[in-house]
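Please look first at the sequence and the structure shown here, and then read the report that follows. It describes the surroundings of the ligands and then turns to a few single residues.

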Amino acid sequence: MSARKTEDAPTTATSGSLPRHVAIIMDGNGRWAKKRFMPRFMGHKAGVETVRAMVRHCAEKKIEVLTLFAFSSENWRRPEKEVRLLLELFVSALKREVKRLNENNVVLKIVGDRSAFPEALQQEIATAEATTSANTGLQLVIAANYGGRWDIVQATRALADEVATGRLESSQIDEESLDRHLSLYGMPEPDLFIRTGGEERVSNFLLWQLAYCEMYFTETLWPDFDGDAFDVALNSFSQRQRRFGRTGDQVEQEQNV
Ligand code: IPE
Ligand code: IPE
Ligand code: MG
(Lines give C-alpha, C1' and ligand atoms only; values in the text may rest on other atoms or scores of the structure.)
(Ligands and ions follow the chains in the order given, each with its own letter.)
Protein backbone atom coordinates (compact mmCIF):
# COMPACT_ATOMS: atom_id res chain seq x y z
CA MET A 1 0.00 0.00 0.00
CA SER A 2 1.18 3.48 -0.79
CA ALA A 3 1.64 5.85 2.15
CA ARG A 4 -0.56 8.42 0.42
CA LYS A 5 -4.03 8.57 1.91
CA THR A 6 -6.73 7.59 -0.57
CA GLU A 7 -8.81 10.71 0.13
CA ASP A 8 -5.83 12.96 -0.63
CA ALA A 9 -4.88 11.11 -3.74
CA PRO A 10 -5.51 12.78 -7.06
CA THR A 11 -7.84 10.66 -9.09
CA THR A 12 -7.85 10.18 -12.82
CA ALA A 13 -8.26 13.26 -14.94
CA THR A 14 -11.03 11.69 -16.95
CA SER A 15 -12.96 9.01 -15.19
CA GLY A 16 -13.10 9.36 -11.41
CA SER A 17 -11.58 6.64 -9.33
CA LEU A 18 -12.86 3.57 -11.20
CA PRO A 19 -11.57 2.58 -14.62
CA ARG A 20 -14.14 2.52 -17.42
CA HIS A 21 -12.26 -0.19 -19.28
CA VAL A 22 -10.10 -2.92 -17.73
CA ALA A 23 -7.87 -5.03 -20.01
CA ILE A 24 -6.33 -8.20 -18.57
CA ILE A 25 -3.61 -10.63 -19.64
CA MET A 26 -4.75 -13.76 -17.85
CA ASP A 27 -1.40 -15.42 -17.30
CA GLY A 28 -0.15 -18.18 -15.02
CA ASN A 29 -2.62 -21.01 -15.67
CA GLY A 30 0.11 -23.48 -16.58
CA ARG A 31 2.21 -22.73 -13.52
CA TRP A 32 -0.86 -22.92 -11.29
CA ALA A 33 -1.48 -26.47 -12.53
CA LYS A 34 2.19 -27.45 -12.39
CA LYS A 35 2.38 -26.42 -8.72
CA ARG A 36 -0.43 -28.91 -8.09
CA PHE A 37 1.18 -31.68 -10.19
CA MET A 38 -1.71 -31.44 -12.64
CA PRO A 39 -1.62 -31.13 -16.44
CA ARG A 40 -1.49 -27.54 -17.74
CA PHE A 41 -4.98 -27.92 -19.12
CA MET A 42 -6.39 -28.08 -15.59
CA GLY A 43 -4.99 -24.60 -15.04
CA HIS A 44 -6.83 -23.34 -18.10
CA LYS A 45 -10.03 -24.92 -16.81
CA ALA A 46 -9.59 -23.27 -13.43
CA GLY A 47 -8.92 -20.02 -15.29
CA VAL A 48 -12.39 -20.12 -16.84
CA GLU A 49 -13.85 -20.00 -13.32
CA THR A 50 -11.85 -16.84 -12.65
CA VAL A 51 -13.22 -15.33 -15.86
CA ARG A 52 -16.75 -15.99 -14.69
CA ALA A 53 -16.08 -14.34 -11.31
CA MET A 54 -14.33 -11.37 -12.90
CA VAL A 55 -17.29 -10.71 -15.20
CA ARG A 56 -19.51 -10.63 -12.13
CA HIS A 57 -17.21 -8.24 -10.25
CA CYS A 58 -16.99 -5.86 -13.21
CA ALA A 59 -20.75 -5.89 -13.75
CA GLU A 60 -21.36 -5.17 -10.05
CA LYS A 61 -18.92 -2.28 -10.11
CA LYS A 62 -20.50 -0.89 -13.29
CA ILE A 63 -17.22 -1.07 -15.18
CA GLU A 64 -18.15 -0.50 -18.83
CA VAL A 65 -15.71 -2.77 -20.67
CA LEU A 66 -13.68 -5.83 -19.67
CA THR A 67 -11.21 -7.07 -22.29
CA LEU A 68 -9.56 -10.46 -21.67
CA PHE A 69 -6.62 -11.92 -23.58
CA ALA A 70 -7.59 -15.56 -24.09
CA PHE A 71 -5.33 -16.68 -26.94
CA SER A 72 -2.57 -14.71 -28.65
CA SER A 73 -1.47 -14.92 -32.28
CA GLU A 74 1.74 -16.44 -30.89
CA ASN A 75 0.02 -19.12 -28.79
CA TRP A 76 -0.19 -21.36 -31.91
CA ARG A 77 3.47 -22.08 -31.14
CA ARG A 78 2.44 -24.19 -28.14
CA PRO A 79 2.30 -27.98 -28.34
CA GLU A 80 -0.47 -29.05 -30.71
CA LYS A 81 -2.34 -30.83 -27.95
CA GLU A 82 -2.47 -27.76 -25.72
CA VAL A 83 -3.71 -25.60 -28.62
CA ARG A 84 -6.43 -28.13 -29.39
CA LEU A 85 -7.54 -28.35 -25.77
CA LEU A 86 -7.57 -24.55 -25.47
CA LEU A 87 -9.80 -24.22 -28.54
CA GLU A 88 -12.12 -26.92 -27.23
CA LEU A 89 -12.33 -25.17 -23.89
CA PHE A 90 -13.15 -21.92 -25.68
CA VAL A 91 -16.00 -23.54 -27.64
CA SER A 92 -17.47 -25.27 -24.60
CA ALA A 93 -17.23 -22.14 -22.43
CA LEU A 94 -18.91 -20.09 -25.16
CA LYS A 95 -21.74 -22.59 -25.48
CA ARG A 96 -22.21 -22.87 -21.76
CA GLU A 97 -21.93 -19.20 -20.80
CA VAL A 98 -23.83 -17.33 -23.50
CA LYS A 99 -27.23 -17.87 -21.93
CA ARG A 100 -26.07 -16.62 -18.54
CA LEU A 101 -24.22 -13.65 -20.05
CA ASN A 102 -27.35 -12.73 -21.97
CA GLU A 103 -29.48 -12.94 -18.82
CA ASN A 104 -27.02 -10.61 -17.13
CA ASN A 105 -27.31 -8.04 -19.93
CA VAL A 106 -23.68 -8.55 -21.02
CA VAL A 107 -22.62 -7.70 -24.59
CA LEU A 108 -20.08 -10.23 -25.83
CA LYS A 109 -17.56 -9.37 -28.52
CA ILE A 110 -14.73 -11.54 -29.80
CA VAL A 111 -11.74 -9.75 -31.34
CA GLY A 112 -8.87 -11.28 -33.28
CA ASP A 113 -8.31 -13.12 -36.55
CA ARG A 114 -11.12 -15.63 -36.39
CA SER A 115 -10.52 -16.86 -39.94
CA ALA A 116 -7.89 -19.26 -38.53
CA PHE A 117 -10.48 -20.99 -36.33
CA PRO A 118 -12.41 -24.12 -37.31
CA GLU A 119 -15.71 -23.34 -39.03
CA ALA A 120 -17.75 -24.62 -36.07
CA LEU A 121 -16.02 -22.22 -33.70
CA GLN A 122 -16.52 -19.29 -36.07
CA GLN A 123 -20.21 -20.16 -36.14
CA GLU A 124 -20.37 -20.38 -32.35
CA ILE A 125 -18.74 -16.95 -32.07
CA ALA A 126 -21.16 -15.36 -34.53
CA THR A 127 -24.14 -16.82 -32.68
CA ALA A 128 -22.85 -15.70 -29.29
CA GLU A 129 -22.29 -12.15 -30.52
CA ALA A 130 -25.68 -11.95 -32.20
CA THR A 131 -27.46 -13.28 -29.09
CA THR A 132 -26.05 -10.57 -26.85
CA SER A 133 -25.71 -7.64 -29.26
CA ALA A 134 -28.81 -5.75 -28.08
CA ASN A 135 -27.78 -5.83 -24.40
CA THR A 136 -26.85 -2.65 -22.59
CA GLY A 137 -24.68 -3.80 -19.65
CA LEU A 138 -21.01 -4.74 -19.37
CA GLN A 139 -19.19 -5.16 -22.69
CA LEU A 140 -17.09 -8.31 -22.45
CA VAL A 141 -14.38 -8.46 -25.09
CA ILE A 142 -12.50 -11.73 -25.56
CA ALA A 143 -9.28 -11.43 -27.54
CA ALA A 144 -8.79 -14.76 -29.33
CA ASN A 145 -6.09 -15.28 -31.94
CA TYR A 146 -5.45 -11.61 -31.30
CA GLY A 147 -2.22 -9.69 -31.67
CA GLY A 148 -1.74 -5.95 -31.34
CA ARG A 149 0.41 -5.96 -34.48
CA TRP A 150 -2.23 -7.92 -36.39
CA ASP A 151 -4.83 -5.33 -35.33
CA ILE A 152 -2.76 -2.42 -36.62
CA VAL A 153 -1.95 -4.25 -39.86
CA GLN A 154 -5.59 -5.11 -40.60
CA ALA A 155 -6.62 -1.51 -39.90
CA THR A 156 -3.87 -0.26 -42.20
CA ARG A 157 -5.07 -2.60 -44.94
CA ALA A 158 -8.62 -1.26 -44.57
CA LEU A 159 -7.32 2.31 -44.88
CA ALA A 160 -5.29 1.37 -47.95
CA ASP A 161 -8.49 -0.04 -49.53
CA GLU A 162 -10.28 3.24 -48.85
CA VAL A 163 -7.48 5.17 -50.54
CA ALA A 164 -7.31 2.75 -53.48
CA THR A 165 -11.04 3.07 -54.12
CA GLY A 166 -10.98 6.87 -53.80
CA ARG A 167 -13.02 7.11 -50.58
CA LEU A 168 -10.12 8.67 -48.68
CA GLU A 169 -7.10 10.83 -49.51
CA SER A 170 -3.84 9.56 -48.02
CA SER A 171 -3.36 13.07 -46.58
CA GLN A 172 -6.58 12.53 -44.58
CA ILE A 173 -5.15 9.55 -42.69
CA ASP A 174 -4.88 10.44 -39.04
CA GLU A 175 -5.21 8.72 -35.65
CA GLU A 176 -9.00 8.87 -35.78
CA SER A 177 -9.28 7.24 -39.22
CA LEU A 178 -6.92 4.42 -38.24
CA ASP A 179 -8.68 3.96 -34.91
CA ARG A 180 -11.99 3.51 -36.78
CA HIS A 181 -10.72 0.21 -38.17
CA LEU A 182 -9.20 -1.19 -34.98
CA SER A 183 -10.91 -3.99 -33.10
CA LEU A 184 -11.97 -1.94 -30.09
CA TYR A 185 -13.35 1.00 -32.05
CA GLY A 186 -16.21 2.77 -30.31
CA MET A 187 -15.24 1.65 -26.80
CA PRO A 188 -13.55 3.82 -24.21
CA GLU A 189 -9.78 3.27 -24.26
CA PRO A 190 -8.54 0.76 -21.69
CA ASP A 191 -7.47 2.71 -18.64
CA LEU A 192 -6.34 -0.14 -16.41
CA PHE A 193 -4.15 -2.97 -17.72
CA ILE A 194 -3.66 -5.96 -15.42
CA ARG A 195 -1.26 -8.83 -16.00
CA THR A 196 -1.30 -11.74 -13.59
CA GLY A 197 1.41 -14.39 -13.31
CA GLY A 198 4.39 -12.18 -12.59
CA GLU A 199 5.68 -11.39 -16.10
CA GLU A 200 5.98 -7.69 -16.80
CA ARG A 201 5.45 -7.50 -20.54
CA VAL A 202 2.69 -6.73 -23.03
CA SER A 203 3.12 -9.89 -25.19
CA ASN A 204 1.56 -8.27 -28.28
CA PHE A 205 -1.74 -7.45 -26.55
CA LEU A 206 -3.39 -4.09 -27.28
CA LEU A 207 -0.45 -2.05 -28.56
CA TRP A 208 -2.17 1.03 -29.95
CA GLN A 209 -4.81 1.21 -27.24
CA LEU A 210 -2.40 0.99 -24.28
CA ALA A 211 -0.78 4.34 -25.11
CA TYR A 212 -1.97 6.01 -21.89
CA CYS A 213 -3.19 3.01 -19.94
CA GLU A 214 -2.18 2.52 -16.30
CA MET A 215 -0.19 -0.70 -15.94
CA TYR A 216 -0.60 -3.10 -13.02
CA PHE A 217 1.38 -6.31 -12.61
CA THR A 218 0.83 -8.96 -9.96
CA GLU A 219 2.55 -12.23 -9.09
CA THR A 220 -0.84 -13.84 -8.42
CA LEU A 221 -1.54 -16.61 -10.91
CA TRP A 222 -4.75 -16.15 -12.91
CA PRO A 223 -6.75 -19.00 -11.31
CA ASP A 224 -6.02 -17.42 -7.89
CA PHE A 225 -6.96 -13.88 -8.95
CA ASP A 226 -10.13 -13.25 -6.93
CA GLY A 227 -12.31 -10.29 -5.99
CA ASP A 228 -9.91 -9.16 -3.27
CA ALA A 229 -6.95 -9.23 -5.65
CA PHE A 230 -9.00 -7.23 -8.16
CA ASP A 231 -9.84 -4.68 -5.47
CA VAL A 232 -6.10 -4.23 -4.77
CA ALA A 233 -5.57 -3.47 -8.47
CA LEU A 234 -8.49 -1.04 -8.52
CA ASN A 235 -7.17 0.66 -5.41
CA SER A 236 -3.76 1.09 -7.02
CA PHE A 237 -5.46 2.62 -10.06
CA SER A 238 -7.51 5.02 -7.93
CA GLN A 239 -4.37 6.46 -6.37
CA ARG A 240 -2.66 7.36 -9.62
CA GLN A 241 -2.66 10.77 -11.16
CA ARG A 242 -3.22 10.59 -14.89
CA ARG A 243 -1.58 13.50 -16.62
CA PHE A 244 -1.81 12.74 -20.34
CA GLY A 245 1.26 14.88 -20.96
CA ARG A 246 0.32 17.75 -18.66
CA THR A 247 1.91 18.66 -15.34
CA GLY A 248 0.58 17.43 -12.01
CA ASP A 249 -0.26 21.05 -11.03
CA GLN A 250 -2.38 21.51 -14.13
CA VAL A 251 -4.34 18.34 -13.38
CA GLU A 252 -4.93 19.38 -9.77
CA GLN A 253 -6.10 22.85 -10.77
CA GLU A 254 -8.55 21.34 -13.22
CA GLN A 255 -9.95 19.07 -10.54
CA ASN A 256 -10.44 21.98 -8.14
CA VAL A 257 -12.69 24.05 -10.43
C1 IPE B 1 -2.22 -18.04 -19.83
O2 IPE B 1 -1.63 -18.97 -19.00
C3 IPE B 1 -3.29 -18.65 -20.69
C4 IPE B 1 -2.97 -18.69 -22.13
C5 IPE B 1 -1.92 -18.19 -22.69
C6 IPE B 1 -3.94 -19.34 -22.97
P7 IPE B 1 -0.33 -19.77 -19.47
O8 IPE B 1 -0.74 -21.01 -20.13
O9 IPE B 1 0.55 -18.87 -20.29
O10 IPE B 1 0.33 -20.07 -18.08
P11 IPE B 1 1.89 -20.09 -17.75
O12 IPE B 1 2.44 -18.74 -18.12
O13 IPE B 1 2.51 -21.19 -18.56
O14 IPE B 1 1.93 -20.35 -16.28
C1 IPE C 1 -0.06 -13.94 -23.14
O2 IPE C 1 0.44 -14.94 -22.31
C3 IPE C 1 -1.24 -14.43 -23.91
C4 IPE C 1 -2.42 -14.77 -23.13
C5 IPE C 1 -2.60 -14.66 -21.85
C6 IPE C 1 -3.53 -15.23 -23.91
P7 IPE C 1 1.68 -15.85 -22.71
O8 IPE C 1 1.94 -16.72 -21.56
O9 IPE C 1 1.42 -16.52 -24.02
O10 IPE C 1 2.84 -14.77 -22.93
P11 IPE C 1 4.42 -14.95 -23.03
O12 IPE C 1 4.69 -15.95 -24.12
O13 IPE C 1 4.90 -15.45 -21.71
O14 IPE C 1 4.96 -13.59 -23.32
MG1 MG D 1 2.10 -17.64 -19.80
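A polar contact is a pair of N or O atoms within 3.5 Å, and within protein one atom must be able to donate a hydrogen and the other to accept it, while residues adjacent in sequence count only if both atoms are side-chain atoms. This is a predicted model, in which local features need pLDDT of at least 70 and side-chain atom pairs count only at pLDDT 80 or more, whereas totals for chains, interfaces and linings use all residues. Residues are numbered from 1 along each chain as its sequence is written, chains are lettered from A and ligands numbered from 1 in the order in which they are written, and side-chain values use heavy atoms, with hydrogens and water left out.

The shell around ligand 1 comprises Met26, Asp27, Gly28, Asn29, Gly30, Arg31, Arg40, His44, Ala70, Asn75, Arg78 and Leu86, where a residue is near a molecule if one of its heavy atoms lies within 4 Å of it. These residues divide into three nonpolar, five polar and four charged; Ala, Val, Leu, Ile, Met, Phe, Trp, Tyr, Cys and Pro count as nonpolar, Asp, Glu, Lys and Arg as charged, and the others, Gly among them, as polar.

| Protein atom | Ligand atom | Distance |
|---|---|---|
| Asp27, polar side-chain atom | oxygen of ligand 1 | 2.9 Å |
| Asn29, backbone N or O atom | oxygen of ligand 1 | 3.1 Å |
| Arg31, polar side-chain atom | oxygen of ligand 1 | 2.7 Å |
| Asn75, polar side-chain atom | oxygen of ligand 2 | 2.9 Å |
| Arg78, polar side-chain atom | oxygen of ligand 2 | 3.3 Å |
| Ser203, side-chain N or O atom | oxygen of ligand 2 | 2.6 Å |

The protein covers 77% of the 390 Å² of accessible area that ligand 2 has on its own, an area that comes from the Shrake-Rupley method with a 1.4 Å probe. Helices (H or I, at least four residues) and strands (E, at least two) are DSSP runs, numbered from the N terminus.

Ile110 lies in strand E3 (residues 107-111), and although Ile110 and Leu140 are 30 residues apart in sequence, their C-alpha atoms are 8.4 Å apart in space.

Arg20, which is found in the segment before strand E1 (21-25), counts as partly exposed because its relative accessibility is 37%. The side chain of Arg20 makes a polar contact with the side chain of Glu64, at 2.7 Å. Arg20 and Phe244 are separated by 224 residues in sequence, and from C-alpha to C-alpha they are 16 Å apart in space.

Conventions
Buried means under 20% relative accessible area, exposed over 50%, partly exposed in between (1.4 Å probe, protein chains only).
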